[in-house]
Structure formats: structure tokens, C-alpha cells
Amino acid sequence: MSVTRRRLVGAAAAATGVAAATAVGGSRLLGGDDGARAGVATRPRGALPRVVRPSRQHGWNASLDRDRAGNVLPPRHQRLLLCELVDDPTPDAAWRAEAALRHVERRTGGDHRGLLIAIGWGPAWFRRIGVRSPVPAAVALNDAEVPRLDDPVCVLHVGSDDPEILDRAEREWFGRGGDVDPAAAGGGGTAGAGAGHPAAGDDGAHGTLGHLLRVTERRTGFVGDGLPEEHRTGTAGLPQDRPLPEGAPMFMGFQSGLRRNQASEDDVTIASGRWAGGTTMHVSSIALALDSWYRSLDDRGRVQRMFGATTTPRDVARRRRGIRFDADADLAAVQRRHGVVGHAEAAATARRDGDPVILRRDFNSVDRGGARVHFVALQASIDDFVATRRAMDARRAVGGVVGVHVNNGITEWMTVESRANLLVPSRADRICPGLRGWSA
Ligand code: HEM
């Protein structure tokens, strides 16, 4: 038996021992008031598998490839797993969940060829453990949108260049051969994540997430050269009579996440307090209807709306690191002069000290047969997201031929279907942050 295997088996045996002791003692190991009343038990004993990864869960960039201009290339396949608790959270269930994550991490390696993971916890989690939530509940962000306001306990954001790795990880964490609930299942992947409960034998040496969490919704997708075109045919919201721009990494035809238009991981990290080292995550689902985007606009028109009123296709082709827009731009004047306002130009008015305040990690999706973007934004505070999203609406520019949804960035082609806010703690706290009696 290898050292690794011996350590895992030993660790699992220790965990099982704790589970038995807990059951005999009958104590419920909740945090907050319940935890205090129950006389919180000590954390389960047993060494967790050792895995070396950055202390920040959101520290993905160092393990991602870059293109020739130095822009970070996101993992080509990504998923968001929205979860609820299966039962009262206990240190034992937390230990098993952490062991399950580490086991998969050990096997896969921590770069885009392997598996990148970031787990965010929502207000529902903090309510459950009686701790004040460090993030507010999601709300609609303008009076034109009516999003579903999601309140998951947590969201697992996973990415890999290899979708098989994501499938295997899901199966290992949440159970094998599970019966995917069609309502909860996204389009990609074959894992039985909807099942939620680990099948018999799955909890062996590796731990499981299924004693703690049940997946209520899977969002699946992809980003990278040519992948959108591979998913075009038969997808609602995409042109059926012409291909997407050659090699486009996103459905709207442009590369997103260019280095000059992104916040750094440092800038989105919470600087002080209980959650220092973590970040916050906003997750929304945006439906796209791109027929007129491609049918009614030429290259210039699309570039103006995506970037800025005076940006040309030549600018986009040459300035591969992104285009720096002015935070003090007078968008009303732009509207009067050009009759159009760009998406990036508007969002850039939320920059602080010259830099963007959100780090975007969104990806394309054909979940439920329609084109969409699963938007993931990281920022030190949800207020930074709200300010950027409001800036993107460019309300001060509305007038003349610019309306809320006309000639105003990309707002005409997108509908926000849902929103959620989460805390992404640092890695040491990535499972059950704040649960009394538990630390990894
Ligand atoms: C359909 C969805 C979206 C698409 C396809 C999209 C695409 C893009 C593209 C191509 C750029 C310029 C290049 C770059 O990223 O570096 C950009 C910039 C940007 N977008 Fe979006 N975007 C979308 C939605 C959003 C949303 C919902 C927000 C939230 C506020 C947002 C915030 C930003 C920001 C902050 C910038 C950079 C502005 C700056 O330079 O300061 N985007 N987006």
C-alpha cells in the first residue's frame, strides 16, 4: 500500500470513529447558539490529505496559461454547483467534505489541466449557523430587471480544460450513477450530481460532500477559442444562418477578461477582519438573444457597443492587452456626440484609482438549450459589484437615441435571470466557514 493510500485510509478510519462517537453521544454539532447549547465537540481527529495550493481560493491566475499578450486564459470548461445542506452541519460532515475535496485535488493537480476550485457561502449558510453574514442577500440591481434571487447555502465554482475531470470530481463528491434531476441539471457533463447523496461505498477512504451538501442546480459551460461556434447549431438565441466570428471565445464574438480591463487578485482580496484573505463572489445567469447582434450590426457597430463609442475594430485587433477607459468619462457627452455608449466604457466609470474593482470569471453556456453567460464576478466587497453593475447601465447617458436598452452597451441583448451573493473564504475556511468546533 502506498504512503498516500495508507494515510487516506487511516484518516478515513479516524473520521468514521468520530462519526460513531457523535451518534452515540447524540449531540448536534451546530455553530452559533445551537452549538453553544450543545457543548460543541472537538474537531474530528485524523490527518487530512496534504495538498499544496495557494491560500486564496480565488488564486487561480498563477496556474492558468496566458496568451501572447499576457491575458489570462480561463479553464475551458467550468461549472457552478448551487447547493443546499442535507442536514444540520457537523464538524464530522465538514471533515469528510474537506477530505473529499483534497482527495480529488491530489489526483488531478491544481492548474487548468487539472482542477481549480473556489467555494462561496451565502447568507443562507450564515443564517443557519447563527453568524452575521458578511455578504448581503442579492437584490435586483435596476428597475428593468426581475431576476430570481437565489439563496444557496454555497456554490462550488470548478474549472478544468478537461470536462471529464469535472465529471469525475462531481461523481466522487456527490455520488455515483446518480439520478440527475432534469430540472436541476445543466446541459453539459454526465455526472450524477443531482442525486446529492453518496451511494453506498462512496464514503470509503476519500470522504464525500454528499453528507453535507445536495446540489440543487448545475450550471455548466465553456470559454475559449472556437468553443462557442461548436455549440451554435440548434441553440436558441444564436444565429442559425451564419457562423460566429472565427475563433471567438465568447458568444458575443470578443475575448473578455483582458488584463487592462480586469481587477487583480490582490485588489479583490478582503484586506482585514474575520474574512481577510477571502473575497466575495456575485453569480448571475444572463440569457442572450444575439440574432440582431449579428444581423443588424456590422463589426464597427458591435465594437462600439462592446467597447466604446470611438473604439474601432482595428483598435481591438491591435490593443491585445485591452483598452483602458477613463473613469471620469462624461457618458452624457459621449451619447450626445456619438449616439451610442460602449459596455466597457460605461463599466469603467466604476474604476477606483484608475483600476477596475471586479475580477470577471464568466463563461458561456447552452444550459436548457439557450445561449447564456454564467457571470461570476469577484470583488473585495459586494458594493464594488453593485457600483460596477450600475455604472454599466450608464443611466446618466440615457437621452437622445440612447435608451436603457438601446444603443447602450450590450444591455439590449441580455436578460439577467438570477442573482446570488457569496463569501469565498480563504482556503483554510473553504468548508463550513465559521462552524463552531471545526477547522481544517
Ligand atoms: C453577456 C455578458 C457580458 C459579456 C459578453 C461581456 C464582455 C465584455 C468584454 C468583451 C469586455 C472588454 C474586454 C475585457 O473584458 O477585457 C468587457 C469589459 C468589462 N465588463 Fe463585461 N461583459 C458582460 C457582462 C458584464 C457584466 C454583467 C458586468 C458587471 C458589471 C461586466 C463588467 C465589465 C467590466 C467591469 C469591464 C471592464 C471595464 C474596465 O475596463 O474598467 N460585464 N466585458
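Student: How do the residues of the shell around the ligand divide into nonpolar, polar and charged?
Tutor: The shell has 16 nonpolar, 6 polar and 3 charged residues. Ala, Val, Leu, Ile, Met, Phe, Trp, Tyr, Cys and Pro count as nonpolar, Asp, Glu, Lys and Arg as charged, and the others, Gly among them, as polar. The model is predicted: local features need pLDDT of at least 70, side-chain atom pairs count only at pLDDT 80 or more, and totals for chains, interfaces and linings use all residues. Numbering runs from 1 along each chain as its sequence is written, and side-chain values use heavy atoms, without hydrogens and water.

Student: What makes a residue near the ligand, and which are the closest?
Tutor: One of its heavy atoms must lie within 4 Å of the molecule. The ligand is surrounded by 25 residues, the closest being Gly-257, Leu-258, Asn-261, His-343 and Arg-351.

Student: Which atom of Asn-261 lies 2.8 Å from an oxygen atom of the ligand?
Tutor: A polar side-chain atom of Asn-261. For Gly-257, a backbone N or O atom lies 2.7 Å from a ligand oxygen.

Student: Which element gives the most to the shell?
Tutor: α12, with 4 residues. Helices (H or I, at least four residues) and strands (E, at least two) are DSSP runs, numbered from the N terminus.

Student: Why is Arg-302 called buried?
Tutor: Its relative accessibility is 9%, so Arg-302 counts as buried. Buried means under 20% relative accessible area, exposed over 50%, partly exposed in between (1.4 Å probe, protein chains only). Arg-302 is found in helix α8, residues 299–306.

Terms used: Polar contact = N/O pair within 3.5 Å; in protein donor to acceptor, adjacent residues only side chain to side chain.
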